[in-house]
Amino acid sequence: HPDISIGWGSLFGDDAIGSAAKWQERGIHTYPMINTVPTAHIGPRKVEYFLIDLHNLAKIFHVEDETKDRIAALEERLQKINEASDALKDDDRPRIATVQQAYGNEYMARSAIDLTSDIIRLAGGRSLDDMEGSRRSVEYLIKTNPDIILLINSPTSPGDKKRDALKSNRILRHVSAIKYDRFLIIDQSTFYCGSMRTLDDIERLRKEISAMKASQ
């Protein structure tokens with residue numbers, strides 16, 4: 001009998017572990033990570049929200065004194081990333097699209113309110129993830145011609161297999177990111193919930209952007 005259940009908001013559904021209300025009726029508290037709750041409640045997902053989760057969880061477990069220095073260091077790191085991003089002009093930002101799944105001549109994209117957009121912005125890119133998101137034709141990749149493609153890695157859908165599928169699709173051979181093999185693979189938890197690894201991936205994406213600019 002746990003005291004609290006912590007997880008993604010999507011887990012607290014009737015088709016998963018059951019609603020938060022049902023758990024609370026049984027005397028078990030719940031805490032869904034902020035970036036995983038419906039965006040109608042929080043608006044666009046942001047990297048900074050996982051730091052709020054850390055503060056909240058530190059309070060819940062009464063470890064605020066033990067964790068404050070480490071959380072403060074993460075906040076300072078994010079602040080520096082944000083300041084560097086804000087200093088960039090739109091013309092200096094490469095175009096970056098997100099691919100979560102690849103289905104032949106269609107793919108699953110993310111939307112402009114997903115965490116991927118904030119990750120791309122903070123890394124110094126310009127997100128091509130629009131409000132539609134979801135499954136769409138690869139013609140969108142041809143039309144927008146991303147400089148870099150962000151690939152979502154998961155146990156059931158490895159990022160390297162999606163990269164190979166995109167590279168083997170002949171109609172995409174002139175898309176800049178595919179032509180010059182500019183991909184960055186990030187884990188599903190990194191883009192969906194947010195964690196310390198999200199900051200690592202933002203910095204990895206920034207390095208990819210710097211390398212691209214140096215080669216031009």
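Predicted model: local features only at pLDDT ≥ 70, side-chain atom pairs only at ≥ 80, totals over all residues.
Over the ring of which residue does the charged end of Arg135 sit? It is Tyr103, with the charged end of Arg135 placed 3.9 Å from the ring centre, where sitting over a ring requires NZ of Lys or CZ of Arg to be within 6 Å of the ring centre and within 35 degrees of the ring normal.

Residues are numbered from 1 along each chain as its sequence is written, and side-chain values use heavy atoms, with hydrogens and water left out.

Let me turn to the aromatic rings. Searching the whole structure gives 2 aromatic pairs, a pair being rings of Phe, Tyr and Trp (its six-membered ring) with centres within 6.5 Å, called stacked when the planes are under 30 degrees apart, edge-to-face when over 60, and tilted for the rest. Trp8 and Tyr192 form an edge-to-face pair, at 4.6 Å centre to centre and with 65° between the planes. Because Trp8 lies in the loop between strand E1 (4-7) and helix H1 (20-25), whereas Tyr192 belongs to helix H9 (residues 188-192), this pair ties together parts that are 184 residues apart in sequence; helices here are DSSP runs of H or I with at least four residues, and strands are runs of E with at least two, numbered from the N terminus. The rings of Phe191 and Tyr192 have centres 6.2 Å apart and planes at 55°, so that pair is tilted, and ring pairs thus link Trp8, Phe191 and Tyr192 into a cluster.

How accessible are these residues? Phe191 is buried at 2% relative accessibility, Tyr192 is buried at 15%, and Trp8 is partly exposed at 23%, where buried means under 20% relative accessible area, exposed over 50%, and partly exposed in between (1.4 Å probe, protein chains only).

Finally, consider Thr36, which is found in the loop between strand E2 (29-32) and helix H2 (39-42) and is buried, with a relative accessible area of 3%. Leaving aside residues up to four places away in sequence, Thr36 touches Gly7, Trp8, Gly9, Ser10, Arg45, Tyr192 and Cys193, contact meaning heavy atoms within 4.5 Å.
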